[in-house]
Amino acid sequence: GKTKFLTCRIARLIAESPDDRFRVLGVTFTNKAATEMRNRIDGLLSDGRDRATLTTFHSFAAEILRQHGSHLGLRPDFGILSEQADREAVLTDGMKSIQTEDDFAPKAAQLLPVVTRMLDECILPEEAESRLGGQPHAKLIAAIYKAYRDRLIAGNQMDFSSLLALAVDLLEKKPAIAKQIRRVYSHVCVDECQDTNSAQFRLL
């Protein structure tokens, strides 16, 4: 019933403000859930449907980056890597540019979960070494993490975790863009908000 409750709230916000122009952002986790929300709103509203943006976290982050990602070096037509093998290939390429230690020569498949976790925590490259704490080879892992992010941008590519991490990075570095988005969306409704990870919560 939470999704039904949320869509009824969005519909009420719009229906009770026919003379206003603010938009309502409804965010969820999956394309299926976003489609369900859109269908429900269509059944609840006769006017003002265009004032509701119902989307996933990743789609919302991608839209932010397509509009404003040039500040980070991205072009609007960037691709999204959804396959593990493609992400490993980018990571392998980044690792080749870094001189590894004699006792540490990991495979991309071993390091990708670490890289993903740091992206999910929105860790900046310059913060990575300290955030890794006393972990062995922290300096090298931090350098690999930076190389991965850099190569994604250089190749005009994102993966799902970097979509969120870079959108957060952009909004924190460019508060005027965040202010503009807040001006458009005066209400943000989140489906299953308790399930957000760090990156999703920071984006909100």
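Q: What is the relative accessible area of Glu 36, and which class does it fall in?
A: This is a predicted model, where local features need pLDDT of at least 70, side-chain atom pairs count only at pLDDT 80 or more, and totals for chains, interfaces and linings use all residues. Residues are numbered from 1 along each chain as its sequence is written, and side-chain values use heavy atoms, with hydrogens and water left out. Buried means under 20% relative accessible area, exposed over 50%, and partly exposed in between (1.4 Å probe, protein chains only). Glu 36 has a value of 31%, so its class is partly exposed.

Q: Which residue forms a salt bridge with Glu 36?
A: A salt bridge is a side-chain nitrogen of Lys or Arg within 4 Å of a carboxyl oxygen of Asp or Glu. Here the closest N and O atoms are 2.8 Å apart, and the two residues, 4 apart in helix 2, are separated by about one helical turn. Glu 36 pairs with Arg 40.

Q: How many residues apart in sequence are the parts tied together by Asp 159 and Arg 87?
A: The closest N and O atoms of this salt bridge are 2.8 Å apart. Asp 159 lies in strand 4 (residues 157-159) and Arg 87 in helix 4 (residues 84-96), so the parts they tie together are separated in sequence by 72 residues.

Q: Are Asp 159 and Arg 87 buried or exposed?
A: Asp 159 and Arg 87 meet in a salt bridge. Both of these residues are buried.

Q: Which residue meets the side chain of Asp 93 in a salt bridge?
A: The N to O distance is 3.0 Å. Asp 93 lies in helix 4 and its partner in helix 7 (residues 138-154), so the pair ties together parts 58 residues apart in sequence.

Q: How many salt bridges does a search of the whole structure find?
A: Some of them form a network that links Arg 149, Asp 169 and Lys 173. The search of the whole structure gives a count of 11.

Q: What is the order of the strands in the open sheet?
A: Helices (H or I, at least four residues) and strands (E, at least two) are DSSP runs, numbered from the N terminus, and two strands pair if DSSP finds at least two bridges between them. Strand 1 (residues 23-28) pairs in the parallel sense with strand 5 (residues 185-190) over 5 bridges, and 5 bridges also join strand 1 to strand 2 (residues 52-56), again parallel. The order is 2-1-5.

Q: Which strands stand at the edges of the sheet?
A: Each edge strand has a single partner strand, so one side of each is left without a neighbour in the sheet. By contrast, 5 of the 6 residues of strand 1 are buried, so this strand is largely enclosed by the rest of the structure. The edge strands are strand 2 and strand 5.

Q: Which residue of strand 5 stands opposite Gly 26?
A: Another bridge to strand 5 joins Arg 23 to Tyr 185, while Leu 25 stands opposite Thr 53 in strand 2. For Gly 26, the residue in strand 5 is Cys 189.

Q: How many disulfides does the structure hold?
A: A disulfide is a pair of cysteine sulfur atoms within 2.5 Å. The sulfur of Cys 122 is 15 Å from the closest cysteine sulfur, in Cys 193, which is too far for a bond. Cys 122 is buried, with a relative accessible area of 6%. The number of disulfides is 0.
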